[in-house]
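Below is a short report on one protein chain, written to be read next to its model. Keep the sequence and the 3D view open while you go through the sections.

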Amino acid sequence: MTDHTDLREPPGLVLPTAAVRDSYLAGERADCVAEGRSTEWLGPAGDDFEAFVEERRGVRVRWGVPSTVFWYVSGAHYLGTLVVRHSLTPELAEAGGHVGYHVVRPWRRQGHATGMLAAGLVECRRLGLDRVLLTCDAGNEPSRRVIQSNGGVPDGRAHGEDRYWISLA
């Protein structure tokens with residue numbers, strides 16, 4: 001098991017980068033296998049990682065709104081992904097919210113999600129957002145703790161997801 005002591009640099013958010021190719025592919029593949037999901041989507045990444053990265057860089061329209069993808073990295077180690085949705089559609093206002101994140105399995109349960117979300121909230125402030133909505137599956141206690149430790153205030157449940165607002169003022 002890899003642990004945080006293996007990291008020589010403090011983790012931080014960066015735009016997707018080819019510098020973490022091997023770690024990205026290994027981490028995402030491990031998640032797919034553990035969750036019983038297909039790894040087929042990783043084929044194009046393995047074939048041309050630079051093109052794969054380029055498709056994820058910058059502001060792109062995803063889920064019907066401008067969005068920015070960040071990777072949480074430490075040196076050559078890819079730890080996870082955070083997505084900031086710059087606004088909400090009616091659907092995202094119900095489930096999905098402004099911010100989505102995940103930490104790949106080798107780096108879970110080490111505080112990285114909490115740090116990654118905190119860094120993501122800084123990015124949300126830079127976009128001029130006053131508050132952000134985050135949602136998580138009703139049974140996802142680790143995610144609930146991450147959101148609450150970053151100031152999340154419960155706002156009910158919709159479509160099987162608990163809703164939280166975080167004030168950025």
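## Strand β3 and its partners

Strand β3 and strand β4 (residues 77-85) run antiparallel and are joined by eight bridges. This is a predicted model.

R62 stands opposite V65 in β3. Strand β1 (residues 12-14) is another antiparallel partner of β3, joined to it by three bridges. Here V14 stands opposite W71. Strands of a sheet pair through backbone hydrogen bonds, either parallel or antiparallel.

How many of the 10 residues of β3 are buried? Nine are, so the strand is largely enclosed by the rest of the structure.

Helix α3 covers residues 49-56, and its buried residues are F49, F52 and V53. Why do they lie on the same side of α3? They cover an arc of only 95° around the axis, which puts them there. The face turned away from this buried side carries the exposed residues E50 and E55.

What covers the buried residues of α3? The cover includes α1 (21-35), α2 (42-47) and β3 (65-74). After the helix comes G58, with a positive phi near 80°.

## Aromatic residues

The structure holds eight aromatic pairs. One of them is the stacked pair of Y24 and W71, with 4.5 Å centre to centre and 25° between the planes. This pair links distant parts of the chain: Y24 belongs to helix α1 and W71 to strand β3, 47 residues apart. Buried or exposed: which applies to Y24 and W71? Both Y24 and W71 are buried.

Y24 and W71 also belong to one aromatic cluster, together with W41, F49, F52 and Y78.

Most residues other than glycine have a negative phi, and most peptide bonds are trans. W63 has a positive phi near 60° and is not a glycine. Where is W63? W63 lies in the loop between β2 and β3. These two strands form a hairpin with two residues between them, and W63 is in the turn. W63 has a relative accessible area of 47%, so it counts as partly exposed.

H159 is another residue other than glycine with a positive phi, here near 50°. H159 sits in the loop between β7 (153-158) and β8 (161-167). Its relative accessibility is 65%, so H159 counts as exposed.

## The sheet β6-β8-β7

Which strands form the open sheet, and in what order? Three strands do, in the order β6-β8-β7, with antiparallel pairing. β6 (131-137) and β7 are the edge strands, because each pairs on one side only. Neighbouring strands of this sheet are turned by 25° against each other on average, direction ignored.

β7 and β8 run antiparallel and are joined by four bridges. Within this pairing, A158 has E161 in β8 as its bridge partner.

## Helix α5

Helix α5 spans residues 112-126. At 1.5 Å a residue, its 15 residues should span 21 Å. The end C-alpha atoms are 21 Å apart, which agrees.

Which residues of α5 are buried? They are H112, A113, M116, L117, G120, L121, E123 and C124. α5 is followed by G128, which has a positive phi near 90°.

Key: Residues numbered from 1 in each chain as written. Predicted model: local features only at pLDDT ≥ 70, side-chain atom pairs only at ≥ 80, totals over all residues. Heavy atoms only, no water. Buried < 20%, exposed > 50% of the residue type's maximum accessible area, 1.4 Å probe, protein only. Arc of directions from axis to C-beta. Contact = heavy atoms within 4.5 Å. Pairing = 2+ DSSP bridges. Expected span 1.5 Å × (residues − 1). Axes fitted to C-alpha atoms, helices over the stretch in contact; angles between N-to-C directions. Phe/Tyr/Trp six-rings, centres within 6.5 Å; stacked < 30°, edge-to-face > 60°.
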